[in-house]
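Here are some notes on the model below. Please read them with the coordinates open.

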Amino acid sequence: MSHHKIELKEVCYTYPDGHQALENISFLLGHGEAVGIVGANGAGKSTLLSILTGILFPQKGTVRVGDIPVNKKTLAEVRRSIGLVFQEPDDQLFMTSVYDDVAFGPRNYRLDEAEVNSRVMQALEEVGITHLKDRPPYKLSGGEKRLAAIAAVISMKPDILIMDEPTASLDPKARRKVMNILKGFSHTKIITSHDLDMIMDMCVRTIVLKNGKIVADGNTLDILSNEKFMDECGLEIPLALQNCPICKANK
Amino acid sequence: MSDIMRSMFNVKHLDELSRQKNLINDMHPLAKLIITLVYICTLASFDRYEISGLLPFVLYPMIVIMVCDIPFGNLIKRVLIVEPFIIVAGILNPIFDKNIIEIGGFAFSSGWLTFVSLILKSTLMVTAGFLLIATTGIDDIARALSLMRIPSIFVLLFLLTYRYIFVLMDEAGRLLKAYALRAPDQKGVKIKVWGSMVGQLLIRTYNRAQTIYQSMILKGYNGKYSITIGRGFKLLDAAYFVAWVSFIVVARAINIPLLIAALI
């Protein structure tokens, strides 16, 4: 039994106000895969992430994490294997120090303090912010908050890591640092982003959402380099594949 | 607009003061919590006309402020925010209390006595509350409450309410900033906009609180507050506790200023 796979079958979700956010979503993610989920604003990416973590339940279709179906009874078990990093780090850092935020998850698992401490220090070292452990989160810069939020999730040692726009609002160096850290993780990764260059760099497989439906699911380079298709989906090809702005040479 | 942001930084700053190393901060949180509760209850037990007997109680906040190096201006500003509520509670006393008393040749309603007594008592109580946060920190206070066998649901309500205040102030700050940037010549918010702004504030704060709650439950939070047993109760903590409680009891039993006046 693999804890690291995710399977969605014909999932449909409509918000209470009648807006259908997801229609007939089906895909299977295997152990260790890094998948990018892209789409225009309003395509359904955030809804999909909420469905995967059991924050929302689909009206139709099934979600399985590992071999466990996601329903109200299995939520605790499912959430042990999934770590979700929100787009907005402020929504995930709510304790009085970075250490306490990173320790929050392990403490909820009733681990003893020695084990909690070892997990926290390990997580902080992996993202490189050990020196910030006693800082209150509101005194961190945007990039530091992002790293703290990631540490707070990986301290729970999830099998699957889901990230909602991990590089949003980061300066180029902070962005590069986050990307390098994420590349070093061996978890199954699901990343939603508008940063197509990052998706191209980090994900071998990409799923494209358009109006709540999956319109492409395959090799990242093949999909993202198809200019016509990307345009139809309300996107553009990654900047790295576009014409050079200095010498105007076609790539 | 920037005042809310500044005061938010300040409010959080109060909790941070508890991280400084000094004699009182290092005391066991349970000792400090119970002393504060005894202090507040003793103040409340005074007769409503009592003023001189309250004066020795100023000693406790003064000593804590000096030992813990708490920025006095910071604290006063916070206490002053609460003062209007206290004044409103007592402002009708001089009118409703029909007794007339004479002090130093002047006759006035004894309602003024109850008013001054109320202000003094309430200000001291509020100051003691702030000092508790400044010397103990919210998490330690919650731990102390659990040690006192207060049901974990109340401790959680206390913690979450405290956190919610910052979320609320953060959203309020953003709303006011957005308003000020589009109403450059105005000071403050127009009355006819208040209704929709307050409504927006509550909805946005609620949404943010929901998202924060989701991130908590995704990390396995299940509503149970577990105490990580901190350090044990030491002799110094017991001495500190006994010293202050004794002082409070003595100051309640004997009117110290009157005693001193009689001796002089």
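**Notes on the predicted model**

1. The cover over the buried residues of α3(A) includes α4 (113–127) and α5 of chain A. This is a predicted model. Nine of the eleven residues of helix α3 (residues 98–108) of chain A are buried, so the helix is largely enclosed by the rest of the structure. The buried residues are Val98(A), Tyr99(A), Asp101(A), Val102(A), Ala103(A), Phe104(A), Gly105(A), Pro106(A) and Arg107(A). Just after α3(A), Arg110(A) has a positive phi of about 60°.

2. On confidence, chain A has a mean pLDDT of 90, with 98% of its residues at 70 or more. Within chain A, helix α2 (residues 75–81) has the lowest confidence, at a mean of 87, and strand β9 (residues 205–210) has the highest, at 95. Where pLDDT is low, the predicted coordinates should not be read in detail.

3. The largest nonpolar core has 74 residues, of which Val102(A), Ala148(A), Ala151(A) and Ile162(A) touch the most other members. Helix α5 (residues 142–154) of chain A contributes the most to this core, with eight residues. Val102(A) is also one of the buried residues of α3(A).

4. Which residues does Ile162(A) touch, not counting those up to four places away in sequence? They are Leu49(A), Leu52(A), Ile82(A), Gly83(A), Leu84(A) and Ile190(A).

5. In chain B, helix α2 (residues 29–45) packs with helix α6 (residues 111–136) at an angle of about 175°, and their axes are 10 Å apart. The two helices α2(B) and α6(B) are therefore roughly antiparallel. From α2(B), the contact involves Pro29(B), Lys32(B), Leu33(B), Thr36(B), Tyr39(B), Ile40(B) and Leu43(B). From α6(B), it involves Lys121(B), Leu124(B), Met125(B), Ala128(B), Gly129(B), Leu132(B), Thr135(B) and Thr136(B). By class, the residues of this contact are nine nonpolar, four polar and two charged.

6. α2(B) also packs with helix α10 (residues 235–253) of chain B: the axes come within 10 Å and cross at roughly 5°. That crossing angle makes α2(B) roughly parallel to α10(B). On the α2(B) side are Ala31(B), Ile34(B), Ile35(B), Val38(B), Tyr39(B), Thr42(B) and Ser45(B). On the α10(B) side are Asp237(B), Tyr240(B), Phe241(B), Trp244(B), Val245(B), Ile248(B) and Arg252(B). The contact of α2(B) with α10(B) has ten nonpolar, two polar and two charged residues. Tyr39(B) takes part in this contact and in the one with α6(B).

7. Gly173(B) sits in helix α8 (residues 152–182) of chain B. Is Gly173(B) buried, exposed or partly exposed? With 18 other C-beta atoms within 10 Å, Gly173(B) is partly exposed, because burial requires 20 or more.

8. The contact between the chains takes 18 residues from chain A and 17 residues from chain B. On chain B, α1 (2–17) and α9 (191–218) each supply at least two residues of the side that touches chain A. α9(B) gives the most to that side, with six residues. By class, the side of chain B that touches chain A has three nonpolar, seven polar and seven charged residues.

Note on methods:
Residues numbered from 1 in each chain as written. Chains lettered and ligands numbered in written order. Predicted model: local features only at pLDDT ≥ 70, side-chain atom pairs only at ≥ 80, totals over all residues. Contact = placed C-beta atoms within 7 Å. Helix = DSSP H or I, 4+ residues; strand = E, 2+ residues; numbered from the N terminus. Nonpolar A, V, L, I, M, F, W, Y, C, P; charged D, E, K, R; others polar. pLDDT = per-residue confidence, 0-100. Core = buried A, V, L, I, M, F, W, Y, C linked by C-beta atoms within 7 Å. Buried ≥ 20, exposed ≤ 12 C-beta atoms within 10 Å, placed from the backbone. Axes fitted to C-alpha atoms, helices over the stretch in contact; angles between N-to-C directions. Parallel < 35°, antiparallel > 145°, perpendicular 65-115°, else oblique.
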